Amino acid sequence: MIAQLRKLNGGSSLARREALSFYILILPWLVGFLVFLAYPMLRSLYLSFTSYDLLSPPVWVGFRNFERIFSDANFWQSVKVTFLYALGSVPGGTIIALALAMVLSQKLRGVNIWRTIFFIPSILSSIAVAVLWLFIFRPEGGLLNMVLGVFGIQGPDWLLSEQWALPALILMSWWSVGGQIVIYLAGLKGIPEVLYEAAEIDGANDLAKFRFVTLPMLSPTIFFNVVLAIIGALQVFDAGYVMTRGGPNDATLFYMLNLYERAFQMAQMGYASALAWILFVIIMVITLLVIRSSAAWVYYEAEVR
Amino acid sequence: MDIATRPTLAARAATNWKSVRSSKTWQRSLRHAASYIVLALGAAFMLFPMLWMISASLKPAWQIFTDPPIWIPMHWEAVRAGNTNRMINLWTVEVDGQSKKVIEIGVRRYTTVVNAALLQNLQTVPASEVGDAVATTVGDLTLNVRPWATNGETRQVVALARGDNDTLVVVAVNDLQAAALRMPLDEVNAGDRASLEVGGVEFRGRTVQLDGNPVEVIPIGPESQLSVVGAPEIAAAATLVSTENLADAGFAPVGQTELPLMTINGQPGEFVMLVKESWQPVINEEQFDANAVVAPRSQLADVQPITVNGVTMQGATYTAADGTAAPVAILISGTQASVVIPITSADTLRLAQLGGLTSARGDQLQRIPFRVQDGFSEGSETHSVALVGESREMALVVPASVISEAFDVNPGELTRAMYPELRFDGYREALQTKVAETYFPTFFRNSFVLVILNTIGHVLSCVVVGYAFARLRAPGKNFFFVILLGTMMLPYPVTLVPIYEIFRDLNMVNTLWPLFLRSFFGNAFLIFMLRQFFTSIPRELEDAARIDGANTLQIITRVIVPLSKPAIATVIIFTFWWTWNSFLEPFIFLSSPELFPVAVGLNFFKDQYMTIYYDRLIAASVLSMLPMIVLFFFAQRYFIEGIQLTGLKG
């Protein structure tokens, strides 16, 4: 009787001890989450309604920051530039990554070597890559215009031209799609061979197999990576800062560049916080829209994990 | 019959074609062709920039943007001039069908002139009737000959001047030949200007000496030049002398041309000048910073020229405030005070070619301005140097006896002697070039320090948190797990400003703390990854340890960690990757260059040297990529598996 009671008691105290251990062990993360994430988010939400220069205490200004932002031509330019950048770099990058992954997934010789070649650019520091492409985009003697010259095309001034600076940065972003190639390659390997065999029996040709087997089976992976790519593209900073400083004539004024200038060059922390929250909302809305639309084009197998 | 069979044949052909098109072999070859095209395009796009970068980093700066491109790095062949640090480039020239390497000893420019006294039969013609000038050799002369179409015939003329109402004053080539002669340009330009009048036309000419008589000539061009070249060994005898000590000593003929001879004050024999250049006394900035002092005029005595390491400078005796007197060299003289350096600590004072000092920046020592050239390279050394004293004209001379081995060539026949060479100087120079008050190795050290601290932080925190989420049961666990997943996709800009504020309040701005402290509080992605891995470890292994009385921490260190080496390797690799490439945060938090990690340092290197040291900038960016590439080759598997994990959800 006593032994039984002790066992029961011990059992519940064991569960309590386990819960206690859980909370002790996740404490580092929990503290980090509260101090470096939850608090900063609330703080920046508060700051977005203030005028704050880091030196004197924030002054509540209501919606004035937002009013100023929405009537600021720089803001609208940065939104336009950032959206155009995302519109170019995300679909282009996805198509390139998908095409190369499809090719590599066939039983080609030296798949690993190719995968390495395609992957390496994506692990390099964005600053080193930016320096490299600064030289490649040089109008005279740069690699790109030299290659175009071989085909008899007189290349534009790229980063020095208002019209071509943004396309240049988009082109550069496609160079770093190696991570996506690796992911799609793994995704393609995960598609059961049986499905292709079945399609073949039904008389499907290559195009049909791609359309009715590969694409639906890979669509969750594509979907997830497109979401990540959009979020990444909307927050791009390094390339714009290092290569063009937003120029020429604000042609590459990315959202984050505008935010950085406001926060750390003009010390308008309230204004910058408002910008950050607008970006946050934009990203959330786009992510939700993509998720909503996903029902139409993402195929989920019946057994959802 | 005929009519009936025809469509049948056509139909049969069509079905044949269809069956070919849908046949397996056709499809396979089509697929292969398409695959290889995509692969080739992709490989070209991915590989070309890398190859170009590696090739460019091994080239001297001038070769990087040539058109057509030079893919294999080349090097100019050169010989050292005597015991100076001046290199003399080699040229190749064809002599008797053999290619010979030579150095250029001298060059003389020539022009065609007309003896005004012998000039006759001038004609004034409308410019529209005269064609374009073509440099043509007539006898031993070169003339700018133009066709003049008049009265149905074309005559060869030379235009001498522009007349009124769009006319040209011309003379027929035949009439000109007797009056024209080739003269060295320097002799023509040394003559007095003369206003001449021939046949009613005004000319601006020169009075020159011809066989000892003054003759009035009109220079009409074209100009040409002849080079005198000789064997590379000549350079070994070269010495550097100040042009003040040189005096002209006539000319020595060499083939069709002649070389000016020189004498040197106080030295016997005659000399030939190879080059005349401006040289600038310089001293290493480090030595300058360490030893140079500002001396008021009143404390300097016995100001007179002295020679330090072979460099002539103004010297003086400096009596310091404590009464000690020392011989000094005056580096920069000001009106009230001068910058001086004790002769005993001026061993890096030397002459440098002015050509390498053109991008010097301004600096000052107690408000006395001077200039500093960063990354000045000579031989295998690169230093920041201060420009001191006055620049001077120096000539590289060799004894006139070399003329016996010299010969003259048309400069067009000379080509630069080059040979393929991988040039690693760009890398060495990049590491030795001062950037934002420090040097590149400092940035590497900082990045490695951050990598190590972040790795320790991530491994310690993520393993325990990951274990808790994988194994322990607790109320609210799912709630926190959802939060953890949610934070993975949170846009960082929202927290940027307050995080800056937090670290400012902690007095940690411009220290490395903000760049590694947070890793000790875990990372959502790495926690998630470890949790997935830990979940796959069989529980039985833990139970055994638990029965033996191990507590949770002991289970983690003794059971989980040894079994999770691949997952922990991935944590380390991802931490290395993120830390190494991180730019915005260190850029915002740090202002002292000696704290910069590689990415920020490279950005400064770019800002400072984008326009002058291409080769070093490219070498620097290759160097900054190198640790990542090395890491990738050692740990490719973990990279690929980690990446797959980030993207294979859904």
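Which way does H7(B) pass H13(B), in a left-handed or a right-handed crossing? That was my opening question for today.

**Ground rules.** I am working with a predicted model, where local features need pLDDT of at least 70, side-chain atom pairs count only at pLDDT 80 or more, and totals for chains, interfaces and linings use all residues. Residues are numbered from 1 along each chain as its sequence is written, and chains are lettered from A and ligands numbered from 1 in the order in which they are written.

**Entry 1: H7 and H13 of chain B.** I looked up helix H7 (residues 440-471) and helix H13 (residues 565-581) of chain B, whose axes come within 9 Å and cross at roughly 140°. That makes H7(B) oblique to H13(B). My opening question is settled too: H7(B) passes H13(B) in a right-handed crossing. On the H7(B) side the contact includes Ser447(B), Leu450(B) and Val451(B), and on the H13(B) side it includes Ile568(B), Val571(B) and Trp580(B). By class I noted nine nonpolar, six polar and no charged residues.

- Helices (H or I, at least four residues) and strands (E, at least two) are DSSP runs, numbered from the N terminus.
- Axes are lines fitted to C-alpha atoms, for helices over the stretch in contact, and angles run from 0 to 180 degrees between N-to-C directions.
- Angles under 35 degrees count as roughly parallel, over 145 as roughly antiparallel, 65 to 115 as roughly perpendicular and the rest as oblique.
- A crossing is left-handed if the near helix is turned anticlockwise from the far one by less than a right angle, and right-handed if clockwise.
- Two residues are in contact if their C-beta atoms, placed from the backbone, lie within 7 Å.
- Ala, Val, Leu, Ile, Met, Phe, Trp, Tyr, Cys and Pro count as nonpolar, Asp, Glu, Lys and Arg as charged, and the others, Gly among them, as polar.

**Entry 2: H6 and H16 of chain B.** Next I took helix H6 (residues 425-432) and helix H16 (residues 614-634) of chain B, with axes that come within 8 Å and cross at roughly 85°. H6(B) and H16(B) are therefore roughly perpendicular to each other. H6(B) brings Gly426(B), Tyr427(B), Glu429(B) and Ala430(B) to the contact, while residues of H16(B) in it include Asp615(B), Arg616(B) and Leu623(B). I wrote down six nonpolar, one polar and three charged residues here.

**Entry 3: H4 and H9 of chain A.** Over in chain A, the axes of helix H4 (residues 73-105) and helix H9 (residues 178-189) come within 8 Å and cross at roughly 50°. That makes H4(A) oblique to H9(A). The crossing of H4(A) past H9(A) is right-handed. Among the contact residues I found Leu100(A) of H4(A) and Ile181(A) of H9(A). The classes come to 10 nonpolar, four polar and one charged.

**Entry 4: Phe118(A).** Those two residues turned up again when I checked what Phe118(A) touches: Leu100(A), Gly178(A), Ile181(A), Gly42(B) and Met46(B), not counting residues up to four places away in sequence. Phe118(A) lies in helix H5 (residues 111-123) of chain A. Is Phe118(A) buried or exposed? With 28 C-beta neighbours inside 10 Å, Phe118(A) counts as buried. The cut-offs: a residue is buried if 20 or more other C-beta atoms lie within 10 Å of its own, exposed if 12 or fewer, and partly exposed in between, with C-beta atoms placed from the backbone.

**Entry 5: where the chains meet.** I found 75 residues of chain B in contact with 74 residues of chain A. Helix H2 (residues 24-57) of chain B gives the most to chain B's side, with 13 residues. That side divides into 48 nonpolar, 18 polar and nine charged residues.

**Entry 6: positive phi.** Most residues other than glycine have a negative phi. I looked up two that go the other way.
- Trp158(A) has a phi near 45°. Trp158(A) sits in the loop between H7 and helix H8 (165-174) of chain A, and is buried, with 25 other C-beta atoms within 10 Å.
- Asn507(B) has a phi near 60°. Asn507(B) is in the loop between helix H9 (493-505) and helix H10 (524-535) of chain B, and counts as exposed, with 9 C-beta neighbours inside 10 Å.
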